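Subject: Structure for your review

Dear colleague,

I would be grateful if you could look through it alongside the notes that come after it.

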Amino acid sequence: MSSKAIAREKIPDAVSLLKAKYRVIAPVPKGKTFVFKKIGNPQEVVLDYNTTILPLKKFFLPPDEVIVKYNLKKREYQEPEIESEPTVFFGIHNYELQGILRLDYAFGTGVKDATYLKKRENNIFIGVTYTPDDYHFAESVGIPTDLKEGFDIFLTKYNGHYRVEALTDKGKNIVSQWSEFLEDCSYDGDPVVHFKNKLKQSVAGIREIFHGAYNHPVWKETSKKCYSCGTCNLVCPTCYCFDVSDEVVLGTDQGARSRRWDSCQILGFTEVAGGEAFREKRYDRVRHRMSRKFAYIMDDRDRPFCVGCGRCIRQCTADISITDVMNALL
Amino acid sequence: MEAKNIYVPEVADIIRIERMTELETFYDIKLPGGRDLGHEPGQFVEVSVFGIGEAPISVSSSHLKKGSFEMVVRSVGNVTQAMQKLKAGDKLGIRGPFGHGFKTKDFEGKDIVIIAGGIGLVPLRSLINTIIDPAERKKYGRVIILYGSKTKEEFLFRNELETWESRNDIEYHVTVDRKTSGWNGNVGVITTLIPDLKLDLHNTIAAVCGPPIMYKFVILSLRSKGLKDNQLYVSLERKMKCGVGKCGHCQINNIYVCQEGPVFNYAYIEDLKEAI
């Protein structure tokens, strides 16, 4: 069977058709940057973008999410209802989906977290190739641009077209509905992609390097620049730590307990009620975050909890680069 | 992906509440139907106060106690201060027990030294009450309890301290950091009680819990007595928010205290930076 392609100008039509059956989340422009957003007008969708401000995690681990509801008068705790509307994530870069796969590991192993896992049901992922900018370093963490793991459909850009590959039954079903927008594809193979931002060596063996680097001077040097603002945590696809707090709706008996994105860079993160904080020095916290990515937490295939999206470098308020820090260790 | 919401607490009744000191309050808690908590000594639960929040609290009773379980809570945060205002008959939310406690099976036949600094006595009492239970006591060798408190005014479980002191099958030693009127006993930090102990080095384990500063010195002292790292057990305090190894607050390097701890064999965490 010859492969199929879709012309760039037909993309809105393809999105329109998806919208009839699914909630569609895709990248759209926002000023000079991009964000993932529920699509109203299919013309908004962009497939040529570097990276969105926030990763896809915001749909599965929202910045602020009710985990328990309660009634003060009845003295009852209740499970909140979790929506899992059928959703197509359209125009997704592969490191982005790798971030979700890492979160699946974090919330799906050990004690299973239904509040997260429920939202992972009924998802369809349609990927697209990208051109790495000055920040992306996904290839260095084992995610070359042609890695299609987890996608139902993958779009490879060439000459104003996208080659359409259906990788799962769900994907095939969608592609068959797109038939009127598709043409025969003349492009075979994968584009040659060069990353400007790289680690000096591949991630294999990196865990051991971290274990020997606890007292490396790079932590103190880096921490001198760091403001402990926590931006790196917020924009990271694999940072999933959260704080928990309660709120009662004024004038009612209804209350809710929510979890909110938290930051291990903030002093209070480890502080117990007695006042003791266990990573008191800023360099302890800088080291903790990066060690967590490359040594403390690995998935079942020993893959690091960094997907090379470059967001923490791009958005750092103090110009700290995780690749510079890593390269000082390697 | 079959999984249930792990954050919804179970509603339990406070059946007895008693102020112990200025800051610490005792609670006896009954789960629905008087069901046992099913904990092991040293484990903790997450306690919710309606409209306020949730906090990790050690279980202070032995699993041998049926029908209810006990906690002693120092009121230092918003949840624990709200707890102090509750009364018998009020309701609390409970999740847990979580993590790993003391495996008393491994302690059978051994001499046990319990070293409690201040509020560290609260989780250790669950171990003490297990091994000194009349039906259980003969399973273990010597039971030595070292208790250190800032002053005698801050003593917890006063009636029980007297019982431990009077029982022939318990060696109980106590010290205070600061003498106040009416105190005629030892004065000094808890490590001052260690040098005089005569221990069977091959058949002794020690269980330690106290303020963060205490561990380093107690461990040094026990090692210089000749105890090996794998004979020492420590219960570590951390900010255990979710209790299920997700939220990250209790993490020490790669270890989630709420999952693998709070009780650790010292040999396991000795090389873990930030642990002690």
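The notes below take the two chains in turn, then their contact, and then some individual residues.

Please bear in mind throughout that this is a predicted model.

Chain A

Chain A contains 11 helices and 12 strands. Its C-alpha trace spans about 65 × 60 × 40 Å along the principal axes. Of the 330 residues in chain A, 56% are buried. Among contacts between residues at least 6 apart in sequence, 72% join residues at least 24 apart in chain A. The accessible surface of chain A is about 14,400 Å², and carbon and sulfur atoms account for 49% of it. As for charge, chain A carries 48 positive and 44 negative side chains, and the centres of these two sets lie 3 Å apart.

Chain B

Chain B has six helices and 15 strands. Its C-alpha atoms fill a box of roughly 50 × 45 × 35 Å along the principal axes. For 276 residues, a compact globule would have a radius of gyration near 19 Å; chain B has 18 Å, which therefore agrees. Buried residues form 58% of the 276 residues in chain B. Among contacts in chain B between residues at least 6 apart in sequence, 69% join residues at least 24 apart. Chain B exposes about 11,400 Å², of which carbon and sulfur atoms supply 50%. Its side chains include 36 positive and 34 negative ones, with the centres of the two sets 2 Å apart.

The contact between the chains

Individual residues

T104(B) sits in the loop between β6 (91-98) and β7 (111-117) of chain B. Is T104(B) buried or exposed? Its relative accessible area is 13%, and the cut-off for a buried residue is under 20%, so T104(B) counts as buried. Leaving aside residues up to four places away in sequence, T104(B) touches P41(B), L127(B), T130(B), I131(B) and Y140(B).

Most residues other than glycine have a negative phi, and most peptide bonds are trans. The peptide bond from G96(B) to P97(B) is cis, with omega near 10 degrees, and P97(B) belongs to strand β6 of chain B. Another cis peptide bond joins G261(B) and P262(B), with omega about 5 degrees. P262(B) lies in the loop between α5 (257-260) and β15 (263-265) of chain B.

Two residues other than glycine with a positive phi are S228(A), near 55 degrees, and E274(B), at about 80 degrees. S228(A) is located in the loop between α7 (217-225) and α8 (231-235) of chain A, and is buried at a relative accessible area of 14%. E274(B) is found in the segment after α6 (266-269) of chain B; with 16% relative accessibility, E274(B) also counts as buried.

Yours sincerely,
A colleague

Technical notes
Residues are numbered from 1 along each chain as its sequence is written. Chains are lettered from A and ligands numbered from 1 in the order in which they are written. This is a predicted model: local features need pLDDT of at least 70, side-chain atom pairs count only at pLDDT 80 or more; totals for chains, interfaces and linings use all residues. Side-chain values use heavy atoms; hydrogens and water are left out. Helices (H or I, at least four residues) and strands (E, at least two) are DSSP runs, numbered from the N terminus. Buried means under 20% relative accessible area, exposed over 50%, partly exposed in between (1.4 Å probe, protein chains only). Contact means heavy atoms within 4.5 Å. Accessible areas come from the Shrake-Rupley method with a 1.4 Å probe; for residues, only the protein chains shown count as cover. Lys and Arg count as positive and Asp and Glu as negative; His and the chain ends are not counted. The place of a charge is taken as NZ of Lys, CZ of Arg, CG of Asp or CD of Glu. The radius of gyration is taken over C-alpha atoms; the globule rule is 2.2 Å times the number of residues to the power 0.38.
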